[in-house]
Structure formats: structure tokens, C-alpha cells
Amino acid sequence: MGTRGPIPKRSEERRRANKDDGPALIQAPSGGPVDMPDLPEPDALWHPIAADWYLSLRESGQAAFYEPSDWAVARYAAHVMSQVLLSERGPNGQLVAALNSVMSSLLTTEGDRRRARMELERKRPDGPTLASVSPLDSYRDIAGG
């Protein structure tokens, strides 16, 4: 797992590029991997939220780095998550913290990935691009402002 402390900024949001931040940054495409192994489907008895979380991992970019043991951990986490969500007593704080730790080890959130020095390349929208603000700067220069 990555470092503790505040979540680092994405590489394109950083002001200083000359500071050595430790290990090299890994960039991977977002979206599911092309060569996805055959994975078991979610258990029919799982809570819908747990099943959705498990299925969402297949669509996530970090899944390209998952080994079979990682998928087994993901299945275990979904099973425990389902038990917590289906429990009549409600969530136990310690159990939720342990579950968050397991999910964090799978790099399921943006913060977890940044701490591990991994960034998923975001897909750029195919729509129209915004106009440049350089004409406004030119008008301001002409006006003397």
C-alpha cells in the first residue's frame, strides 16, 4: 500500500515537476483490462451493493494489475461486505475498518491509487472543445488593463 498522509495531487495538477517524489508514477488506461480472466459471477445471496462493487472492479483500470489472488481477495471482501450489509445488528466499526483496509489494498479509490503512485488516464470527452481565452487577454492588453 502507499504512504500515509494527505492524498497526493494528480501529476497534471502539480506545480513543481522537478521534485523527486519517490517511486516512478505508473499510468494505466482507465476501463477494464482487455485480457480479463474468467471470474466467478457474484453470489446470488450477496447484497446488491456488494455485488455491484465486485462487478465494478472488472470495469476498473487497476484490474489490469490484478492477479488471481487479488480477485480472490476481492471476492472475499464482497462476501464480508454483503454480510455486513445484510446483518440485522448493523455495521460493526472494527469490521468496517477492516473491510476498508482490504478494499484499500485493492486500490479501489482514487486516493488509494495516488498513494501507490498509480494514475488511471481519464478518457477525454469527444465533444466540442472550449474556446481559448487568449482573445480576452488581447482585448485586456489593448484596453490597457
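Start by selecting arginine 113, and show what surrounds it: setting aside neighbours within four places in sequence, it is in contact (heavy atoms within 4.5 Å) with Gln62, Leu107, Thr108, Met118 and Leu120. Arginine 113 lies in helix H4; helices here are DSSP runs of H or I with at least four residues, strands are runs of E with at least two, and both are numbered from the N terminus. Is arginine 113 buried or exposed? Its relative accessible area is 11%, so it counts as buried. The scale used here calls a residue buried under 20% relative accessible area, exposed over 50% and partly exposed in between, with a 1.4 Å probe and protein chains only. Now draw a distance to glutamine 62: the two side chains are joined by a polar contact of 3.4 Å. A polar contact is a pair of N or O atoms within 3.5 Å; within protein, one must be able to donate a hydrogen and the other to accept it, and residues adjacent in sequence count only if both atoms are side-chain atoms.

A word on what is on your screen. This is a predicted model, in which local features need pLDDT of at least 70 and side-chain atom pairs count only at pLDDT 80 or more, while totals for chains, interfaces and linings use all residues. Residues are numbered from 1 along each chain as its sequence is written, and side-chain values use heavy atoms, with hydrogens and water left out.

**Leucine 107**

Next, click on leucine 107, one of the contacts of arginine 113. Leucine 107 sits in the loop between H3 and H4. It is buried, with a relative accessible area of 17%. Look at its backbone: phi is positive, about 55 degrees, although this residue is not a glycine. Most residues other than glycine have a negative phi.

**Helix H3**

Which residues of H3 are buried? Select Leu99, Met103 and Ser104. They cover an arc of only 140 degrees around the axis, which puts them on the same side of H3; the arc is that of the directions from the helix axis to the C-beta atoms. Among the elements covering these buried residues are helix H1 (48-59), helix H2 (68-86) and helix H4 (110-115).

At the N-terminal end of H3, find asparagine 92, which caps the helix. Its side-chain oxygen lies 2.9 Å from the backbone nitrogen of glutamine 94. Asparagine 92 belongs to the loop between H2 and H3, and at 40% relative accessibility it counts as partly exposed.

**Histidine 47 and helix H1**

Now move to histidine 47, in the loop between strand S1 (26-29) and H1. At 18% relative accessibility, histidine 47 counts as buried. A polar atom of its side chain lies 3.1 Å from the backbone nitrogen of isoleucine 49. Not counting residues up to four places away in sequence, histidine 47 touches Ser82, Leu85 and Leu86.

Carry on into H1 and colour its buried residues: Ala50, Ala51, Trp53, Tyr54, Leu57 and Arg58. Seen down the axis of H1, these fall within an arc of 160 degrees, so they line one face of the helix. They pack against H2 and H3.

**The nonpolar core**

Where do the contacts gather in the largest nonpolar core? This core has 19 residues, and those with the most contacts inside it are Trp53, Tyr54, Trp71 and Ala74. A nonpolar core is a set of buried Ala, Val, Leu, Ile, Met, Phe, Trp, Tyr and Cys residues joined through side-chain atoms within 4.5 Å. H1, H2 and H3 each supply at least two residues of this core, and the largest share, 7 residues, comes from H2. Select tryptophan 71 and its surroundings: leaving aside neighbours within four places in sequence, its contacts are Met36, Pro37, Leu39, Tyr54, Leu57, Arg58, Ala63 and Tyr66.

**The whole chain**

Finally, zoom out. The protein chain has 5 helices and 2 strands, running β-α-α-α-α-β-α from the N terminus on. Buried residues make up 28% of its 145 residues.
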